[in-house]
Amino acid sequence: MSHRRYIVALGQLGPIAREEPRASAVARLCAMLEEAAKRGARLIVFPELALTSFFPRWYMDGPAEIDAWFETEMPNAAVQPLFDLSADLGIAFHLGYAEKTPEGRYFNTAIFVENGVIVGKYRKIHLPGHRQNEEWRAFQHLEKRYFEKGDLGFPVFDGADGRLGMCICNDRRWPETWRMLGLGGAELVMLGYNTPQHYPPAPEHDHLQHFHNALSLQAGAYQNGLWVVAAAKAGREEGCDLIGGSCIVAPTGEIVASAATVADEVVTAMVDLDRCAEIRANIFNFAAHREPGDYGLITAPKG
């Protein structure tokens with residue numbers, strides 16, 4: 001078998017309670033990593049903010065209360081067991097968490113860890129939601145309050161015998177995210193998300209949440225000729241229903257495997273990174289068919 005053809009896994013998480021300690025969440029991640037390893041997976045993708053409940057749903061004012069949700073080191077004592085198990089079993093992992101830097105900056109972050117070493121890092125760029133307490137909402141979405149916009153761009157890096165990229169949750173809805181990763185040569189993109197079933201500003205879209213999730217992932221995969229491994233935090237978390245729909249998408253845009261529950265669940269599929277060429281040599285041959293000279297508005301100022 002080609003070293004570029006192998007099994008990948010996603011580890012969908014069911015709800016994490018507000019008071020659930022990091023150690024409990026990490027134990028659940030470790031159990032899924034072991035399951036993925038038993039199935040022969042080369043890597044496993046865990047969700048956005050996978051160590052805690054989705055805390056931007058609560059309005060908090062005190063720095064200490066906010067800081068309690070953030071990691072100041074990675075790995076730290078709570079997460080070290082996942083790093084150790086990953087290295088012992090020879091399976092890489094993607095993990096989303098809230099990062100506080102030594103300079104006191106706050107990011108919604110994801111890392112890729114292979115052989116016990118962080119080899120890729122991304123900080124979420126498309127932050128949804130709002131900054132101020134909006135009490136009319138059933139729950140808040142205060143990512144703009146708690147996080148800065150990511151400052152690393154859309155890096156593509158070597159890992160798992162290919163070129164890998166990452167994005168986080170709302171990033172997947174923006175075609176520019178996928179095009180930047182595609183132009184960077186990404187062959188497999190890993191992402192985690194926490195997506196409520198109910199969207200307070202436009203509740204008439206609630207029934208479309210699963211559709212829009214799959215649409216974004218499938219379009220991103222097809223239009224850039226890359227694999228997508230997308231892992232949700234799912235289920236009823238602290239009174240908020242989060243969609244599942246975790247899935248693995250081929251460069252043709254086809255969903256090849258998907259979660260059946262809204263609980264902790266491991267989903268696996270065989271991927272072949274060489275299949276990216278099927279798309280990149282044909283319809284979406286960037287060198288032959290892209291016309292960047294006509295796309296100026298894409299990078300024009302906001303507004």
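**A short tour of pockets, strands and cysteines**

Let me start inside: by class, the residues lining the largest cavity are 4 nonpolar, 2 polar and 1 charged. In that scheme, Ala, Val, Leu, Ile, Met, Phe, Trp, Tyr, Cys and Pro are nonpolar, Asp, Glu, Lys and Arg are charged, and the others, Gly among them, are polar. Before going on, please keep in mind that this is a predicted model, in which local features need pLDDT of at least 70 and side-chain atom pairs count only at pLDDT 80 or more, while totals for chains, interfaces and linings use all residues. Residues are numbered from 1 along each chain as its sequence is written, and side-chain values use heavy atoms, with hydrogens and water left out.

Back to that cavity. Which residues line the largest cavity? They are Phe54, Arg57, Phe139, Gln140, His141, Pro196 and Cys240. The space in the largest cavity is about 30 Å³, and the whole structure has 1 cavity of 30 Å³ or more. On a 1 Å grid over the protein atoms alone, a cavity is a set of points where a 1.4 Å probe fits but cannot get out; a pocket is an open set with protein on both sides within 12 Å along at least five of seven lines, and lining residues have an atom within 4 Å of a point. Grid points are joined across faces, edges and corners, and a volume is the space filled by probe spheres set on the points.

The largest pocket has a volume of about 930 Å³. Its lining has 25 residues, and His126, Trp174, Glu176, Ile298 and Thr299 are the closest to the centre. Helix H5 (175-183) gives the most to this lining, with 5 residues. By class, the lining of the largest pocket has 12 nonpolar, 6 polar and 7 charged residues. Helices (H or I, at least four residues) and strands (E, at least two) are DSSP runs, numbered from the N terminus.

The second largest pocket has a volume of about 410 Å³. Of its 20 lining residues, Pro128, His141, Arg173, Tyr199 and Gln209 lie nearest its centre.

Next, the strands. An open sheet of 6 strands runs in the order E5-E4-E3-E2-E1-E14, with mixed pairing; two strands pair if DSSP finds at least two bridges between them. Strands E5 (117-123) and E14 (265-272) are at the edges with a single partner strand each, so one side of each has no neighbour in the sheet. Further in, E2 (residues 41-45) and E3 (residues 92-100) pair in the parallel sense over 3 bridges, and isoleucine 44 stands opposite phenylalanine 93 in E3.

What about the cysteines? A disulfide is a pair of cysteine sulfur atoms within 2.5 Å, and the count here is 0 disulfides. For cysteine 276, the closest cysteine sulfur is in cysteine 167, 15 Å away, which is too far for a bond. Cysteine 276 is buried at 3% relative accessibility, and cysteine 30 is buried at 13%. Buried means under 20% relative accessible area, exposed over 50%, and partly exposed in between (1.4 Å probe, protein chains only).

Last, some backbone details. Most residues other than glycine have a negative phi, and most peptide bonds are trans. The bond from methionine 74 to proline 75, however, is cis, with omega near 0°. Aspartate 161 has a positive phi, near 60°, and is partly exposed at 36%.
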